[in-house]
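Hello,

Here is the structure you asked about. Please look it over first, then read the notes below.

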Amino acid sequence: MFLGVNSIVKDYRSGESMLRVLRGVSLEIEEGEILSIVGPSGSGKSTLLHIMGFLDRPTSGEVLFRGKPLSSLRGSARVNVRNSSFGFVFQHYHLLPELNAFENTILPLMIRHGIGSWIGARGRARKRTRELLGDLGLGER
(Lines give C-alpha, C1' and ligand atoms only; values in the text may rest on other atoms or scores of the structure.)
Protein backbone atom coordinates (compact mmCIF):
# COMPACT_ATOMS: atom_id res chain seq x y z
CA MET A 1 0.00 0.00 0.00
CA PHE A 2 1.31 3.42 -0.97
CA LEU A 3 -1.15 5.53 0.99
CA GLY A 4 -4.04 4.66 3.25
CA VAL A 5 -6.38 5.98 5.88
CA ASN A 6 -8.02 3.94 8.61
CA SER A 7 -11.16 5.11 10.42
CA ILE A 8 -10.46 8.80 9.77
CA VAL A 9 -12.64 11.25 11.67
CA LYS A 10 -12.37 15.01 11.24
CA ASP A 11 -14.25 17.49 13.38
CA TYR A 12 -14.34 21.28 13.11
CA ARG A 13 -15.59 23.63 15.78
CA SER A 14 -18.47 25.76 14.54
CA GLY A 15 -19.30 28.30 17.22
CA GLU A 16 -20.37 26.34 20.28
CA SER A 17 -20.89 23.07 18.42
CA MET A 18 -18.71 20.54 16.63
CA LEU A 19 -19.19 19.74 12.97
CA ARG A 20 -18.14 16.20 12.04
CA VAL A 21 -16.99 16.29 8.40
CA LEU A 22 -15.47 12.80 8.09
CA ARG A 23 -16.98 9.83 9.91
CA GLY A 24 -14.67 6.84 9.96
CA VAL A 25 -13.34 6.90 6.38
CA SER A 26 -11.01 4.06 5.36
CA LEU A 27 -9.24 3.83 2.01
CA GLU A 28 -6.11 2.24 0.52
CA ILE A 29 -4.32 3.48 -2.59
CA GLU A 30 -1.60 1.60 -4.43
CA GLU A 31 1.34 3.40 -6.02
CA GLY A 32 0.45 4.51 -9.55
CA GLU A 33 -3.27 3.98 -8.99
CA ILE A 34 -5.60 6.64 -10.35
CA LEU A 35 -8.91 7.29 -8.63
CA SER A 36 -11.56 9.94 -8.31
CA ILE A 37 -13.21 11.12 -5.15
CA VAL A 38 -16.62 12.53 -5.98
CA GLY A 39 -19.52 13.85 -3.98
CA PRO A 40 -21.63 16.92 -3.39
CA SER A 41 -20.19 20.18 -2.15
CA GLY A 42 -19.48 20.02 1.56
CA SER A 43 -19.24 16.23 1.74
CA GLY A 44 -15.59 16.22 2.92
CA LYS A 45 -13.69 15.49 -0.30
CA SER A 46 -11.14 18.29 0.13
CA THR A 47 -10.81 17.58 3.83
CA LEU A 48 -9.99 13.93 3.09
CA LEU A 49 -7.44 14.90 0.43
CA HIS A 50 -5.79 17.41 2.75
CA ILE A 51 -5.45 14.73 5.41
CA MET A 52 -4.14 12.17 2.91
CA GLY A 53 -1.63 14.72 1.57
CA PHE A 54 -0.27 15.57 5.04
CA LEU A 55 -1.66 19.10 4.83
CA ASP A 56 -4.05 18.57 7.76
CA ARG A 57 -4.35 16.14 10.66
CA PRO A 58 -7.38 13.99 11.46
CA THR A 59 -9.25 14.32 14.73
CA SER A 60 -8.84 10.55 15.07
CA GLY A 61 -7.85 7.62 12.93
CA GLU A 62 -4.62 6.79 11.21
CA VAL A 63 -2.90 7.89 8.00
CA LEU A 64 -0.43 5.38 6.54
CA PHE A 65 2.35 6.10 4.06
CA ARG A 66 4.06 3.03 2.60
CA GLY A 67 2.56 1.01 5.44
CA LYS A 68 3.93 3.22 8.23
CA PRO A 69 1.78 5.48 10.39
CA LEU A 70 2.08 9.17 9.56
CA SER A 71 2.41 9.78 13.30
CA SER A 72 5.88 8.17 13.08
CA LEU A 73 7.07 11.04 10.84
CA ARG A 74 8.17 14.13 12.73
CA GLY A 75 8.77 17.71 11.63
CA SER A 76 10.79 18.00 8.45
CA ALA A 77 10.31 14.28 7.61
CA ARG A 78 6.61 14.99 6.93
CA VAL A 79 7.50 17.95 4.75
CA ASN A 80 10.13 15.97 2.84
CA VAL A 81 7.72 13.09 2.14
CA ARG A 82 5.02 15.51 0.98
CA ASN A 83 7.45 17.36 -1.28
CA SER A 84 8.95 14.25 -2.86
CA SER A 85 5.95 11.92 -3.05
CA PHE A 86 2.82 13.99 -3.66
CA GLY A 87 1.60 16.44 -6.26
CA PHE A 88 -1.30 18.76 -5.60
CA VAL A 89 -3.71 20.49 -7.94
CA PHE A 90 -5.64 22.75 -5.62
CA GLN A 91 -9.23 23.82 -6.05
CA HIS A 92 -7.95 27.37 -5.64
CA TYR A 93 -4.72 27.83 -7.53
CA HIS A 94 -2.32 28.80 -4.70
CA LEU A 95 0.13 30.17 -7.23
CA LEU A 96 2.46 33.04 -6.50
CA PRO A 97 1.16 35.86 -8.71
CA GLU A 98 4.60 37.42 -9.14
CA LEU A 99 5.90 34.20 -10.73
CA ASN A 100 5.05 32.85 -14.18
CA ALA A 101 3.84 29.25 -14.77
CA PHE A 102 7.38 27.92 -15.24
CA GLU A 103 8.59 29.51 -12.01
CA ASN A 104 5.55 28.32 -10.02
CA THR A 105 6.07 24.79 -11.38
CA ILE A 106 9.80 24.58 -10.65
CA LEU A 107 9.56 26.09 -7.16
CA PRO A 108 8.82 22.75 -5.35
CA LEU A 109 11.89 21.23 -7.02
CA MET A 110 14.02 24.12 -5.80
CA ILE A 111 12.70 23.56 -2.28
CA ARG A 112 13.28 19.81 -2.51
CA HIS A 113 16.92 20.18 -3.54
CA GLY A 114 17.80 23.06 -1.25
CA ILE A 115 20.42 25.63 -1.99
CA GLY A 116 23.33 23.20 -1.65
CA SER A 117 22.35 20.68 -4.32
CA TRP A 118 20.22 22.96 -6.51
CA ILE A 119 23.17 23.97 -8.70
CA GLY A 120 23.72 20.38 -9.89
CA ALA A 121 20.02 19.59 -10.29
CA ARG A 122 19.01 22.87 -11.94
CA GLY A 123 19.49 21.79 -15.56
CA ARG A 124 17.52 18.54 -15.18
CA ALA A 125 14.79 20.31 -13.23
CA ARG A 126 14.40 23.04 -15.86
CA LYS A 127 14.20 20.42 -18.63
CA ARG A 128 11.61 18.35 -16.75
CA THR A 129 9.55 21.43 -15.92
CA ARG A 130 9.45 22.44 -19.61
CA GLU A 131 8.40 18.87 -20.55
CA LEU A 132 5.59 18.80 -17.99
CA LEU A 133 4.23 22.20 -18.98
CA GLY A 134 4.41 21.16 -22.66
CA ASP A 135 2.55 17.91 -21.94
CA LEU A 136 -0.20 19.94 -20.28
CA GLY A 137 -0.42 22.43 -23.13
CA LEU A 138 1.02 25.19 -20.96
CA GLY A 139 4.45 25.47 -22.54
CA GLU A 140 3.85 29.00 -23.78
CA ARG A 141 2.98 30.23 -20.31
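**What was found**

Buried residues make up 25% of the 141 residues in the protein. Please keep in mind that this is a predicted model.

The protein contains three helices and four strands. Followed along the sequence, these elements come in the pattern β-β-α-β-β-α-α.

One pairing can be followed in more detail. Strand E1 covers residues 3–14 and runs antiparallel to E2, with ten bridges joining the two. To find your place in this pair, look for Val 9, which stands opposite Arg 23 in E2.

Some values describe the protein as a whole. The C-alpha trace spans about 50 × 30 × 30 Å along its principal axes. The protein exposes about 9,800 Å², and 55% of that area is supplied by carbon and sulfur atoms.

For contacts, take those between residues at least 6 apart in sequence: 54% of them join residues at least 24 apart.

Last, the charges. The protein has 19 positive and 13 negative charges, and the mean positions of these two sets are 5 Å apart.

Regards

Definitions and conventions
Residues are numbered from 1 along each chain as its sequence is written. This is a predicted model: local features need pLDDT of at least 70, side-chain atom pairs count only at pLDDT 80 or more; totals for chains, interfaces and linings use all residues. Side-chain values use heavy atoms; hydrogens and water are left out. Two strands pair if DSSP finds at least two bridges between them. Buried means under 20% relative accessible area, exposed over 50%, partly exposed in between (1.4 Å probe, protein chains only). Contact means heavy atoms within 4.5 Å. Accessible areas come from the Shrake-Rupley method with a 1.4 Å probe; for residues, only the protein chains shown count as cover. Lys and Arg count as positive and Asp and Glu as negative; His and the chain ends are not counted. The place of a charge is taken as NZ of Lys, CZ of Arg, CG of Asp or CD of Glu.
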